[in-house]
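Here is a friendly briefing to read alongside the sequence and the model. Take a look at the structure first, then follow the topics below.

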There are 2 protein chains.
Amino acid sequence: MNACIVAVGSEMLTPFRLDTNSLIVTDRLNAIGYDVRLKAVVGDDVNELVRALSAACEWADLVIVIGGLGPTEDDVTRDAIAKSVGVPLDFHEAVLERIRGRFARRGMAMPEINRRQAMAPRGAVLLDNPNGTAPGLYLTRGRTSVIALPGPPREMTPMIEAVIRDQLAAGSGSRLFRRVLKVTGRTESDVDAHAQPVYGRWLTGPVPIATTILAVMGQIELHLTARARSREEADGALAQAVDELNAVLGSAVYSVDGRSLEAVVGDRLRERQLTIAVAESCTGGLLASRLTDVPGSSAYFERGFICYSNRSKTELVGVPEALLAEHGAVSEPVALAMALGARAGAGTDVGIGITGIAGPDGGTPAKPVGTVAVAVAVNDQTRVGTYQLIGGREQVKFQASQTALNVLRLMLLEESAGSARDS
Amino acid sequence: MNACIVAVGSEMLTPFRLDTNSLIVTDRLNAIGYDVRLKAVVGDDVNELVRALSAACEWADLVIVIGGLGPTEDDVTRDAIAKSVGVPLDFHEAVLERIRGRFARRGMAMPEINRRQAMAPRGAVLLDNPNGTAPGLYLTRGRTSVIALPGPPREMTPMIEAVIRDQLAAGSGSRLFRRVLKVTGRTESDVDAHAQPVYGRWLTGPVPIATTILAVMGQIELHLTARARSREEADGALAQAVDELNAVLGSAVYSVDGRSLEAVVGDRLRERQLTIAVAESCTGGLLASRLTDVPGSSAYFERGFICYSNRSKTELVGVPEALLAEHGAVSEPVALAMALGARAGAGTDVGIGITGIAGPDGGTPAKPVGTVAVAVAVNDQTRVGTYQLIGGREQVKFQASQTALNVLRLMLLEESAGSARDS
């Protein structure tokens with residue numbers, strides 16, 4: 001079953017405001033098996049809303065219109081639905097009495113303009129609005145159900161839940177269930193080249209799974225959507241799908257349950273009872289800030305050194321001046337000295353050092369903007385590398401912190417595998 | 001001139017992700033007089049995108065399609081535009097070479113699937129993408145201009161700006177001009193109570209100005225939109241409007257040109273040739289990271305100490321153990337000792353100390369979650385205060401860093417005023 005959501009309101013066509021109601025409606029519709037295939041935002045213009053409604057009704061089984069049910073002249077949803085379906089508006093005395101009563105309970109007289117809210121397209125079922133004056137509307141146009149709900153989220157949310165429970169849920173068979181895999185350290189095209197032969201087969205399985213690949217800064221996400229008749233059925237199919245992707249993507253997959261990279265690394269540190277200290281130059285505290293975004297991170301994060309100047313690299317984490325002079329501040333030996341110095345200073349098990357050129361200035365032909373050296377020390381293991389990161393200053397900072405977290409994650413994984421083999 | 005924005009991507013039809021690119025595009029289109037009358041989100045389905053494009057082209061002068069230009073199978077925008085306009089796709093050798101070169105510069109071979117990005121509908125002008133592999137597309141379908149841009153914001157934003165400058169700007173009549181004022185340390189209703197009597201008059205002036213108030217984390221923004229025939233006319237009206245708001249809001253306004261608080265503070269430090277060091281507990285490096293988000297911040301940011309454990313507060317910035325025992329780690333005396341210790345250790349002019357309870361755990365009846373002590377030392381002045389911040393862990397961290405930056409900004413303002421009086 002296909003659904004379309006139309007949000008009505010000129011303010012959502014400015015640079016300042018988004019339609020967020022559709023996220024709630026999508027969540028509730030997915031749960032009873034509706035697939036939202038199109039979303040639209042239309043201004044407070046009756047003709048444009050009629051046009052959008054007619055287009056939506058041509059192919060969707062269900063059209064949800066949100067907003068435009070208020071009492072003012074620019075609330076056009078009632079008119080537009082009536083025009084689009086080809087019926088007149090009727091006046092409902094009982095609705096007017098209800099609205100009057102709402103005002104009276106607050107000791108106020110009903111403004112005359114609220115009469116508009118007692119009008120409804122002929123044939124519409126009026127939906128109760130426990131938190132506001134505007135009733136919702138439910139009617140059909142050809143094979144399509146059209147539902148109109150008010151825009152304020154605290155009015156809209158209980159109403160979509162009620163209409164789903166009372167009108168829509170019956171008779172829907174399958175539902176949608178989701179899983180998000182997160183991958184880092186690989187490009188989108190590389191991930192897709194490996195994953196496509198796998199997920200390409202799922203669309204036609206007994207529990208069909210649709211897959212979307214999404215590149216976001218420093219990581220790739222694979223969104224898996226299964227259509228199934230029950231959670232058990234979906235869980236089984238999704239678990240197998242995740243296994244198949246893990247088999248082709250291996251340790252590049254860092255999360256199959258939506259957790260962030262810093263949360264995954266944090267959980268691993270906590271399980272292993274390891275503590276961590278960091279020394280950051282170009283990331284300027286971002287790595288520490290991400291690590292400490294995780295609730296409970298004080299169990300493993302001990303301290304951080306932000307060594308922005310050369311002098312602070314020497315004074316705070318003991319990078320020898322000679323090393324800085326010989327290799328430059330952005331170099332693997334300096335990153336390693338920072339990681340080891342941070343760890344020694346803090347007395348922790350893990351140390352990370354990051355030094356690089358975040359830009360926009362400071363690049364050279366040999367070390368262009370985006371050059372970042374990352375060193376990680378875990379117990380008696382150290383790993384150091386140089387990376388060419390792409391983007392503006394904030395992108396370079398983020399990706400440098402992402403790289404450091406991922407190197408640490410992989411080292412902890414390998415150490416676990418090693419100790420499992422040894423035991 | 002009417003515009004329509006179509007965002008392409010199935011992930012934006014889930015309950016988890018919104019199209020936010022359209023806000024940027026709307027802002028840039030408004031600036032040259034285009035009115036965005038419809039926005040749509042379509043999934044990665046070529047037939048549905050063709051249908052949406054055809055509907056949009058029927059009435060809009062300009063259709064902007066965002067996303068779906070990546071290298072994978074589910075990137076369908078090139079195909080959909082070609083089908084919708086009724087032209088074949090052509091292969092562009094020069095584009096392929098450019099993409100290969102981009103991979104080569106990162107020491108990688110181009111995956112074969114990236115060839116797809118060298119295809120374009122016949123007749124399309126290819127738009128340069130300085131930050132990615134996918135070129136944009138510009139072509140016409142009847143009287144409508146169709147522009148396709150890649151989805152990642154850092155690729156999309158410079159491309160819409162270039163296409164507006166090079167292809168669209170000529171020939172538009174009255175245009176929209178904007179100014180954004182940023183305010184911190186006041187509530188939205190308090191700001192509106194002072195500002196509304198002022199901006200309420202502007203709608204009917206010779207150059208009408210519409211005002212929107214927007215509360216975002218840790219700050220209030222006032223968006224002023226003037227409709228004028230020329231930049232000069234708009235600039236005059238907006239400058240007067242900004243003066244009137246400054247008169248009622250005073251030093252709570254920190255930016256009238258869109259600069260972030262960290263950039264405003266950074267500029268002031270640089271002008272005054274002051275250097276800064278910070279000691280952070282609950283913000284975990286976020287304050288330093290924000291300060292170092294500003295290009296050129298190495299001129300004033302010397303170092304930072306992230307003193308997450310009590311031991312690190314003593315070892316790194318010399319907070320006496322007795323002080324921690326007597327007042328607790330979250331206290332004004334400890335915040336002040338951190339600020340002074342950071343400054344003394346780094347040898348800078350300015351020191352900041354932040355200690356608090358970011359939550360969700362760690363609160364007590366006397367010091368609930370959100371309690372944050374902030375101390376700032378500038379030359380011979382110190383200021384210390386305790387704040388009750390609201391929200392989850394990341395909100396508390398952000399607002400604590402915002403508070404520290406704002407206290408420093410106000411101290412620098414007052415010092416300037418004082419020295420101006422003295423001289």
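Pro360(A) sits in the loop between β15 and β16 of chain A, where helices (H or I, at least four residues) and strands (E, at least two) are DSSP runs, numbered from the N terminus. The peptide bond that leads from Gly359(A) into Pro360(A) is cis, with omega near 0 degrees. This is a predicted model, in which local features need pLDDT of at least 70 and side-chain atom pairs count only at pLDDT 80 or more, while totals for chains, interfaces and linings use all residues. Residues are numbered from 1 along each chain as its sequence is written, chains are lettered from A and ligands numbered from 1 in the order in which they are written, and side-chain values use heavy atoms, with hydrogens and water left out.

**Backbone details**

- In chain B, the peptide bond from Gly359(B) to Pro360(B) is cis, with omega near 0 degrees, and Pro360(B) belongs to the loop between β15 (350-356) and β16 (371-378) of chain B.
- Asn379(A) has a phi near 50 degrees, a positive value in a residue other than glycine; you will find Asn379(A) in the loop between β16 and β17 of chain A.
- For background, most residues other than glycine have a negative phi, and most peptide bonds are trans.

**The sheet of ten strands**

- What is the order of the open sheet of ten strands? The order is β17(A)-β16(A)-β15(A)-β13(A)-β14(A)-β14(B)-β13(B)-β15(B)-β16(B)-β17(B), with mixed pairing; two strands pair if DSSP finds at least two bridges between them.
- Its edge strands are β17 (381-388) of chain A and β17 (381-388) of chain B, each of which pairs on one side only.
- On average, neighbouring strands of this sheet are turned by 10 degrees against each other, direction ignored; axes are lines fitted to C-alpha atoms, for helices over the stretch in contact, and angles run from 0 to 180 degrees between N-to-C directions.
- Within chain B, strand β13 (residues 276-280) and strand β14 (residues 301-307) pair in the parallel sense over five bridges, and Ala279(B) stands opposite Phe305(B) in β14(B).
- On chain A, helix α12 (residues 332-346) lies across β13 (276-280), β14 (301-307), β15 (350-356), β16 (371-378) and β17, running at about 145 degrees to β15(A).

- β2(A) is joined by five bridges to strand β2 (residues 35-42) of chain B, and the two run antiparallel; in β2(B), Leu38(B) is the bridge partner of Val42(A).
- Strand β1 (residues 2-8) of chain B pairs with β2(B) in the parallel sense over seven bridges, with Ala3(B) opposite Val36(B) in β2(B).

**Where the chains meet**

- The contact (heavy atoms within 4.5 Å) takes 75 residues from chain A and 79 residues from chain B.
- Between chain A and chain B, about 6,200 Å² is buried, and carbon and sulfur atoms give 56% of that; buried area is the accessible area (1.4 Å probe) that two parts lose on being put together, summed over both.
- How many salt bridges cross the interface of chain A and chain B? The rule finds eleven, a salt bridge being a side-chain nitrogen of Lys or Arg within 4 Å of a carboxyl oxygen of Asp or Glu.
- Arg311(B) and Glu302(A) meet through their side chains in a salt bridge (3.3 Å, N to O).
- Strand β2 (residues 35-42) of chain A supplies the largest share of the side of chain A that touches chain B, seven residues.

**Salt bridges overall**

- Over all chains, a search of the whole structure finds 53 salt bridges.
- Asp90(A) and Arg122(A) form a salt bridge, their closest N and O atoms being 2.9 Å apart.
- Asp90(A) lies in strand β4 (residues 89-91) of chain A and Arg122(A) in the loop between β5 (119-121) and β6 of chain A, so this pair ties together parts that are 32 residues apart in sequence.
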